[in-house]
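Please view the sequence and the structure together.

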Amino acid sequence: MAYTLRQLNYAIAVVDLGSITQASKKLGISQPAISAALNELEREFALTIFARRPAQRISLTPAGQRFIDKARLLLDRVHDFETDAIGLRREIKGKLEIGCFAPTAPFMIPLIIAGLSENYPDIELHLHESDLDELNRGLASSTIDAALTYDLKLDRGVRFEPLVRTPVYALLSASDPLASEESVSLYDLAERPMIAFDLPITGQFFRSPFQSLGLQPRVAYQVKSYEMVRGLVGAGVGFSLLIMRPTSDQTYEGKAVVCRPLREPLPSPHYGVAFNAQSLPTRLVGTFAEHCHKVIKEEGRANKFFVRG
């Protein structure tokens, strides 16, 4: 094989920047030299790596996507070899596109970033707060490298590593008569107005416990934000079902809410880190995943956010 690591670096730069022109500016290499390197790679491996369309961002063929994934892994291992060979501390450096299920982001992201910034100051995180459908699409298309999410209706192209079991609980106004109970029943809640999430997958998930018992919840309001749910519950408008709980039991308005486990045994989803199942994980992604495992699973620093019966 006559290919060079420099050619692989050129190819990855073109993919990351979207065009030969931008890669040329970034690398300080002429466009003809980069084009020649790409042509040599395709000729050497007898592959059509790039789908070239005039006046459009350069894109990858399916075979090209696999080629680039493997090239990233190879260059990552070469970097490991070089730094280890000269006896230097292993340098972890680069940019990661990280997705997070939006309602859980204020709980999990600060926990993750605090330790990551301290131990790996040269890792740069770009955050994407999204609903579950958007995270699935981002992982499947590799526009995000990893995501912190639930194992709810995951795309078949997504690999999920569970970190913590997450039971559902009922959120009630402190003035609600049910607030004095140690746990509450879905049969009692079904008779009351419900504040529900209006998000893909999530809304149906929180209705399903009732439906499994042949009940139909009385949805009064559908909202998109976590604090809007808590605010309406605190105002006495209704109850809600949630998974994560803040450490404060006061809403923005200063109203008190209470969290109560459910009496009925229900399956609990898991919260974890997800990846594109077809892409080979880079050392950067592996480092991020290991850090999530340490903080959430091993140290249990997110346990305070869950209500267990």
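Which residues of helix H8 (residues 202-212) are buried? They are Thr-202, Gly-203, Phe-205, Phe-206, Arg-207, Pro-209 and Phe-210. Here, buried means under 20% relative accessible area, exposed over 50%, and partly exposed in between, with a 1.4 Å probe and protein chains only. Helices (H or I, at least four residues) and strands (E, at least two) are DSSP runs numbered from the N terminus. The model is a predicted one, in which local features need pLDDT of at least 70 and side-chain atom pairs count only at pLDDT 80 or more, while totals for chains, interfaces and linings use all residues. Residues are numbered from 1 along each chain as its sequence is written, and side-chain values use heavy atoms, with hydrogens and water left out.

The buried residues of H8 pack against S3, helix H6 (132-140), helix H7 (186-189), strand S8 (193-197), strand S9 (218-223) and strand S10 (240-242); contact means heavy atoms within 4.5 Å. Just after H8, Gly-214 takes a positive phi of about 75°.

On a 1 Å grid over the protein atoms alone, a cavity is a set of points where a 1.4 Å probe fits but cannot get out, whereas a pocket is an open set with protein on both sides within 12 Å along at least five of seven lines; lining residues have an atom within 4 Å of a point. Grid points are joined across faces, edges and corners, and a volume is the space filled by probe spheres set on the points. There are two cavities of 30 Å³ or more. The largest cavity holds about 120 Å³ of space, and of its 15 lining residues, Phe-101, Tyr-150, Thr-202, Phe-206 and Ile-243 are the closest to its centre. H8 gives the most to this lining, with three residues. The lining of the largest cavity divides into 13 nonpolar, two polar and no charged residues, where Ala, Val, Leu, Ile, Met, Phe, Trp, Tyr, Cys and Pro count as nonpolar, Asp, Glu, Lys and Arg as charged, and the others, Gly among them, as polar.

The second largest cavity has about 30 Å³ of space. Its lining residues include Leu-132, Asn-136 and Tyr-150, and H6 supplies the largest share, four residues.

Attention now turns to the open spaces. The largest pocket has a volume of about 1,700 Å³. Its lining comprises 45 residues, of which Ile-12, Asp-16, Arg-72, Lys-95 and Thr-282 are the closest to its centre. H4 gives the most to this lining, with nine residues. By class, the lining of the largest pocket has 19 nonpolar, 13 polar and 13 charged residues.

Thr-61 lies in the loop between strand S2 (59-60) and helix H4 (62-85). Because its relative accessibility is 16%, Thr-61 counts as buried. A polar atom of its side chain lies 2.5 Å from the backbone oxygen of Thr-48.

Conventions: A polar contact is a pair of N or O atoms within 3.5 Å; within protein, one must be able to donate a hydrogen and the other to accept it, and residues adjacent in sequence count only if both atoms are side-chain atoms.
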